[in-house]
Amino acid sequence: MTGEPDGFAALFFAHASRLVRLAALLGDDDPEDVVQESFCKLYAARGRLEADDAKVVAYLNKVVVNEVRSRHRRRRVARRDAHLFTTGAVADPIAVQGDRRAVVEALAGVSPRQREALVLRFWMDLPLAAIAEAMGVRTGTVKSQISRGLDVVGAALREEVER
């Protein structure tokens, strides 16, 4: 690929379908978009690349893999932080006070370490690493304490609803 449009088009038609399959097999939801973005990045970097087609194809493979990784990472962060976004619906203040009371009562039934982990995560909105540091434990311990605490709180809230 020497930078001429015909060479770029030939490269695209020769490798696009293979790269779409690669992105799909790596688990991306929109593999065609990954390949399009990869070719855009290739086009932007064309002045820095050598004309050797094998190296350009290797670069494209790497860009596709990195793009899929980035998209997975962004989706994971979006799912993790989804609770931070409001839906825009206005809640009834009296109902919210009742919900808050029920949650605080449910927290009373949780062990102190689980309560620490839950409060630091959901009230203070700290990331797992900061919670681990604050509690003096490992990140895996924080995850298990949060999971177990949520199970206890969930069971208590289900009992509250059933009454």
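**Salt bridges and burial**

Mentor: This is a predicted model. Let's begin with Asp28 and Arg75, whose side chains meet in a salt bridge at 3.7 Å, N to O. Asp28 sits in the loop between H1 and H2 and Arg75 in helix H3, 47 residues apart, so the pair links distant parts of the chain.

Trainee: Why is the contact between Asp28 and Arg75 called a salt bridge?

Mentor: The cut-off is a Lys or Arg side-chain nitrogen within 4 Å of an Asp or Glu carboxyl oxygen. The N to O distance for Asp28 and Arg75 is 3.7 Å, so the pair qualifies.

Trainee: What makes Asp28 buried?

Mentor: Buried means under 20% relative accessible area. Asp28 has 7%, so it is buried.

Trainee: And why is Arg75 called partly exposed?

Mentor: Its relative accessible area is 25%.

Trainee: What about Glu67: buried or exposed?

Mentor: Glu67 is buried, because its relative accessible area is 6% and the limit is under 20%. Glu67 also forms a salt bridge with Arg74, with the closest N and O atoms 3.9 Å apart. Through shared partners, salt bridges join Asp28, Asp29, Asp33, Lys41, Glu67, Arg71, Arg74 and Arg75 into one network.

Trainee: How do you know that Leu150 is partly exposed?

Mentor: Leu150, in helix H7, has a relative accessible area of 40%. Since that lies between 20% and 50%, Leu150 is partly exposed. Together with Phe122, Trp123 and Met124, Leu150 forms a nonpolar patch on the surface.

Definitions and conventions: Residues are numbered from 1 along each chain as its sequence is written. This is a predicted model: local features need pLDDT of at least 70, side-chain atom pairs count only at pLDDT 80 or more; totals for chains, interfaces and linings use all residues. Side-chain values use heavy atoms; hydrogens and water are left out. Patches are made of residues with over 30% relative accessible area and no salt bridge: like charges are joined within 9 Å, nonpolar side chains (Val, Leu, Ile, Met, Phe, Trp, Tyr) within 5 Å. Accessible areas come from the Shrake-Rupley method with a 1.4 Å probe; for residues, only the protein chains shown count as cover. Helices (H or I, at least four residues) and strands (E, at least two) are DSSP runs, numbered from the N terminus. Buried means under 20% relative accessible area, exposed over 50%, partly exposed in between (1.4 Å probe, protein chains only).
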